[in-house]
Amino acid sequence: MKLRNILLLGFPAIVLWLGVIFVLGIFLIKWFWMWTIPGLFPGAVASGAVAAKISWWTALKLSVLVALLAAITNISKR
């Protein structure tokens, strides 16, 4: 979906669309962390250096970071 098509949907639709993307990103980050980090770094999880699960707040911050990095990547592709 191109940006101009999204802008034609109107402001409420854009806000809803962005909200859904962030919520989906939070769930994906929590799921990814829970299944991969303990499997990849069992020693670090066992010693307490890395958490086996992350909080919703941490997942939200990581989701925002990933979104910003994706935006920077897309902006710099000219």
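Trainee: Is Trp-35 buried or exposed?

Mentor: Buried means under 20% relative accessible area, exposed over 50%, and partly exposed in between (1.4 Å probe, protein chains only). Trp-35 has 57% relative accessibility, so Trp-35 counts as exposed. Trp-35 lies in helix H2, residues 11-40; a helix is a DSSP run of H or I with at least four residues, numbered from the N terminus.

Trainee: What should I keep in mind about the source of these values?

Mentor: This is a predicted model, in which local features need pLDDT of at least 70 and side-chain atom pairs count only at pLDDT 80 or more, while totals for chains, interfaces and linings use all residues. Residues are numbered from 1 along each chain as its sequence is written, and side-chain values use heavy atoms, with hydrogens and water left out.

Trainee: How many aromatic pairs does the structure hold?

Mentor: A pair of aromatic rings is described by the distance of the centres and the angle of the planes. Rings of Phe, Tyr and Trp (its six-membered ring) pair if their centres lie within 6.5 Å; planes under 30 degrees apart are stacked, over 60 edge-to-face, and the rest tilted. The structure holds 1 aromatic pair. Phe-27 and Trp-56 form this edge-to-face pair, at 5.3 Å centre to centre with 80° between the planes. Phe-27 lies in helix H2 and Trp-56 in helix H4 (residues 56-75), so the pair ties together parts that are 29 residues apart in sequence.

Trainee: What is the relative accessible area of Phe-27?

Mentor: The value is 48%, so Phe-27 is partly exposed.

Note on methods. Helix = DSSP H or I, 4+ residues; strand = E, 2+ residues; numbered from the N terminus.
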